[in-house]
Protein chains: 2
Amino acid sequence: MSDPGRVLAVDVGGTWTKAAVVEGGPEDPAVRARRRVRTPRCADGTENAEAVVALVAELAARFAERDHGPVEAVGVVVPGIVQDGVGVHSVNLGWRDYPFREALAKAVGAPVAFGHDVAAAGLAEWRLGAARGLTDVVVMPIGTGIASALILGGRPLTGGYAGEIGHVDIGHGEQCPCGQRGCLDHVASAASVARRFGERSGRTVRGSAEVLRAARAGDRVAAEVWDEAVTALTRGVLLLATLLGPQRVVLGGGLALAGEALTGPLNRRLTEQITFQRRPELRCAAFGAESGCIGAALLAWEAVAP
Amino acid sequence: MSDPGRVLAVDVGGTWTKAAVVEGGPEDPAVRARRRVRTPRCADGTENAEAVVALVAELAARFAERDHGPVEAVGVVVPGIVQDGVGVHSVNLGWRDYPFREALAKAVGAPVAFGHDVAAAGLAEWRLGAARGLTDVVVMPIGTGIASALILGGRPLTGGYAGEIGHVDIGHGEQCPCGQRGCLDHVASAASVARRFGERSGRTVRGSAEVLRAARAGDRVAAEVWDEAVTALTRGVLLLATLLGPQRVVLGGGLALAGEALTGPLNRRLTEQITFQRRPELRCAAFGAESGCIGAALLAWEAVAP
């Protein structure tokens with residue numbers, strides 16, 4: 001394959017937006033320049049969406065100006081429900097039916113690919129990472145929220161509505177901002193782990209990694225919050241095993257950077273609780289919290305493939 | 001298409017085995033002769049499987065003997081986890097890793113197709129019935145047990161492990177024979193509705209239809225048991241909406257013969273509880289409790305297709 005050129009990949013998260021110039025093409029992508037900026041948070045969902053589009057245009061211009069040079073295409077992925085270039089809904093960022101692909105194409109002076117953050121992360125892990133070579137696998141990034149990319153029967157499911165494992169009721173009874181009770185997300189997302197520790201300890205932490213460090217240092221509240229997240233995730237993985245029977249579940253996002261501190265207790269509890277279902281292997285994402293960005297780069301290359 | 005001939009279709013259920021001669025071919029199947037016999041129940045799972053094989057051979061011989069004449073092929077579908085012609089496991093019938101396809105081929109003097117009862121029901125409803133023309137649909141027969149056939153992205157999922165919606169934890173806390181607690185099946189299957197009414201009322205009923213009749217006649221215990229089943233099924237459908245986002249959920253099996261008495265309250269509760277998910281339409285199976293049998297006939301025709 002000839003040099004497919006460099007692309008700008010932008011992964012819009014609930015808290016942080018990660019951007020990178022990615023080189024090397026879809027078989028062997030290499031992240032060459034990274035930037036992380038706060039995702040714009042306005043009072044209104046449509047304003048949030050417009051601010052995201054402006055941010056992408058600004059990032060593209062800034063990368064081009066600096067020593068990185070122009071990019072061949074831009075890949076942008078966002079959370080929530082995404083269908084046919086439209087951000088149908090994001091619980092965290094509030095937009096409804098915003099025409100991202102169209103708006104980005106106008107705002108950015110390069111071909112634009114637009115997609116779903118978690119589907120993109122799933123694509124990256126399935127083509128190149130911890131889900132490679134499998135026919136039935138769930139890739140579950142755990143960041144500000146929790147969702148999942150489903151690869152079933154050897155094919156990624158790209159319907160737009162599937163995979164919202166963060167908002168299944170796992171029985172804890174607490175009210176979730178989505179309007180339901182008991183959502184996995186509300187106890188086990190990286191943001192929820194930090195929030196719950198803050199609520200109980202009165203201390204402010206910047207993220208779930210800090211909670212894990214506190215737990216390891218003997219903080220009982222931190223250990224309790226971490227344990228509750230693992231308990232909740234076990235129920236989520238069990239549900240996936242029952243309903244979808246994947247060969248493997250790949251954990252991604254910020255929380256999965258914990259590695260063995262997450263997969264160790266999760267594996268033990270899954271073994272205790274699973275009965276007739278196929279036991280999925282648990283792995284952490286090969287690209288860590290960068291799967292979404294690499295997936296966005298894959299989409300960008302697809303958009304300009306000859 | 002030339003006359004594809006008549007086939008024998010056998011749907012092995014947890015309680016009843018339904019057999020029929022089906023004519024007319026895969027575009028327009030017509031059930032011409034029906035038999036219903038009790039599914040053999042032995043102490044041991046392997047004996048159960050062997051008894052099922054013997055029963056199919058006997059049914060084939062008996063249908064051939066009588067005025068129905070010989071069949072071109074036999075389609076047999078069984079519950080549980082089925083993969084590559086093997087009955088991997090059935091919670092209700094107890095077998096593990098029984099080589100059905102091989103054993104049936106030896107025992108029956110005609111080409112044999114073997115498959116999963118719920119996948120077959122899904123195929124029938126998707127090709128010809130209440131799920132026709134849709135790309136994302138879940139077909140959920142509710143009989144002795146509850147499972148589901150998943151058609152996702154325009155393709156039936158045939159992995160063998162997926163779809164066990166009957167054994168997701170919906171939070172009622174009761175112990176299920178599968179080893180887990182809170183299973184949907186244990187409260188909402190047709191068999192469970194009959195069992196729970198019997199336990200609470202001290203009366204023996206033959207099936208869920210009798211419980212519904214009692215509820216309609218003003219029996220408070222029956223109304224309570226039916227209501228708990230609907231509540232549980234609402235949680236099951238909500239889970240499917242969250243995780244898979246189907247356009248439609250087709251309810252089948254004996255319980256769905258209740259029609260509006262089931263879909264009415266289920267629709268109302270789903271509307272109350274659903275928030276951001278795509279709202280699936282609810283339909284009852286076009287072939288009622290015969291979807292599995294018609295699916296088995298489709299498999300039989302596929303096995304002898306030129």
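Visitor: Which residues point one way from S4(A), and which point the other way?
Guide: Welcome to this predicted model! In S4(A), A:Val74, A:Val76 and A:Val78 point one way, and all are buried. Also buried, and pointing the other way, are A:Ala73, A:Gly75 and A:Val77.

Visitor: How many residues of strand S4 of chain A are buried?
Guide: A residue is called buried when its relative accessible area is under 20%. Strand S4 covers residues 73-78 of chain A and is mostly covered. The buried count is six of its six residues.

Visitor: In which sense do S1 of chain A and S4(A) pair, and which residue stands opposite A:Leu8?
Guide: Strand S1 takes in residues 7-12 of chain A, and its pairing with S4(A) runs over five bridges in the parallel sense.

Visitor: Where is A:Asp84 found, and is it buried or exposed?
Guide: Most residues other than glycine have a negative phi. A:Asp84 is not a glycine, yet its phi is positive, about 50 degrees. This residue is found in the loop between strand S5 (81-83) and strand S6 (86-89) of chain A. Because its relative accessibility is 69%, A:Asp84 counts as exposed.

Visitor: Which strand of chain B holds B:Asp97, and what is its relative accessibility?
Guide: B:Asp97 has a positive phi of about 50 degrees, although it is not a glycine. The residue lies in strand S7 of chain B, residues 96-98. B:Asp97 counts as exposed because its relative accessibility is 54%.

Notes
Residues numbered from 1 in each chain as written. Chains lettered and ligands numbered in written order. Predicted model: local features only at pLDDT ≥ 70, side-chain atom pairs only at ≥ 80, totals over all residues. Heavy atoms only, no water. Helix = DSSP H or I, 4+ residues; strand = E, 2+ residues; numbered from the N terminus. Buried < 20%, exposed > 50% of the residue type's maximum accessible area, 1.4 Å probe, protein only. Pairing = 2+ DSSP bridges.
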